[in-house]
Amino acid sequence: MNARFVGIPGLLEPPTVAVVVDVMRAFTVAAWAFAQGAEKIVLAESLDDALALKDGHPDWVALKDGPSAPGFDAVNSPGLMRSMDLGGRTVIQKTTAGTVGALAVKDASLVLCAAFVVAEATARVLRTRGRDGVTFVVTGEDGRADEDLACAQYIARRASGGGDGAAGVEAAGAGTDAADFLRRAAGSRAAAELAEGVRQGVHPDDVALCLELDRFPFAMVATLEGPLMVLRPCDVPSPTEDASL
């Protein structure tokens, strides 16, 4: 698999396959929202757009970065998200980097949104859909956020592998030790800011939750549905199904 890693400013043309990575915290939060029963997540262009969507759909759940604000129901924190009942609900998400990155590649033929909590599921999708090359969008710090880059590099390693058939699938990513990648993420500036309370809208467990590897069995696919960019969970093929594709 031919992988390239770029920040949002480096997206000069729509890629064919894009993996948008935001570990701390947009797509960790999104995965938790699906685990708590959300049906879909609408990725908003701006805070004003998020509030307009909420006004038009009062039953939708709107969340944002930072502290609570009028019109919003939640903040971008996995520690807080895990206590919410979102059964069958639609979530509106607007964050500083993750949602911006996903919207920047909305014209790609396949857009996956990822974090460590869905790393293996994302890699499995790429094994069947990313053979022609994948652009990993490292959303934080204009592409310099080490937690996002580490996660992107780990997924790329897991998605790559030699051999044919089932043996080749089992070998995909073989020898990829997650510990070093997770250690880099744990030592990132984002992790320090969350742990030290520099960022607002934070739960004490946020960093630990963002560093949970493969907590969830699904990948997350974003597609245009009319004028909206909508994120949904996606079942992934089993290793034996990988081999047959």
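Analyst: Let's start with Glu39, which is partly exposed in this predicted model, with a relative accessible area of 43%. Its salt-bridge partner is Arg232, and the closest N and O atoms of the two are 3.9 Å apart. The two come from distant parts of the chain, 193 residues apart: Glu39 sits in the loop between helix 1 (26–35) and strand 3 (40–43), while Arg232 belongs to strand 10 (residues 228–234). Arg232 is partly exposed too, at 28% relative accessible area.

How many salt bridges are there in total? The count comes to 15, so let's pick out a couple of others.

Take Lys54 and Asp73, whose side chains meet at 2.9 Å, N to O. Lys54 is in helix 2 (residues 47–56) and Asp73 is in the loop between strand 4 (61–64) and strand 5 (74–75), so this pair ties together parts 19 residues apart in sequence. Are the two partners buried or exposed? Lys54 has 13% relative accessibility, so it counts as buried, the cut-off being under 20%. Asp73, at 41%, counts as partly exposed.

Then there's Glu120 with Arg127, where the closest N and O atoms are 2.7 Å apart. Here both partners are buried.

Most peptide bonds are trans, and most residues other than glycine have a negative phi. Against that background, the bond from Met24 to Arg25 stands out as cis, with omega near 20°. Arg25 is in the loop between strand 2 (17–21) and helix 1. Asp142 has a positive phi, near 55°, without being a glycine, and you'll find Asp142 in the loop between strand 8 (134–138) and helix 6 (146–159). Asp214 also has a positive phi, about 55°, and isn't a glycine either. Look for Asp214 in the loop between helix 10 (206–210) and strand 9 (219–225); at 30% relative accessibility, Asp214 counts as partly exposed.

Next stop, helix 8. Which residues of helix 8 (residues 178–186) are buried? They are Ala178, Phe181, Leu182 and Ala185. These four cover an arc of only 95° around the axis, so they lie on the same side of helix 8. What do the buried residues of helix 8 pack against? They pack against helix 6 and helix 9 (189–195). At the start of helix 8, a side-chain oxygen of Asp177 comes to within 3.0 Å of the backbone nitrogen of Ala179.

Helix 6 and helix 9 turn up again at the largest pocket, where each supplies at least two residues of the lining. Helix 9 gives the most, with three residues. That pocket has a volume of about 340 Å³. It is lined by 19 residues, and the closest to its centre are Met24, Asp65, Thr96, Ala97 and Arg199. You've already met Met24, on one side of the cis peptide bond to Arg25.

Technical notes: Residues numbered from 1 in each chain as written. Predicted model: local features only at pLDDT ≥ 70, side-chain atom pairs only at ≥ 80, totals over all residues. Heavy atoms only, no water. Salt bridge = Lys/Arg side-chain N within 4 Å of Asp/Glu carboxyl O. Buried < 20%, exposed > 50% of the residue type's maximum accessible area, 1.4 Å probe, protein only. Arc of directions from axis to C-beta. Contact = heavy atoms within 4.5 Å. Polar contact = N/O pair within 3.5 Å; in protein donor to acceptor, adjacent residues only side chain to side chain. 1 Å grid on protein atoms, 1.4 Å probe; cavity = no way out; pocket = protein on both sides within 12 Å on 5 of 7 lines; lining within 4 Å. Points joined across faces, edges and corners; volume = space filled by probe spheres on them.
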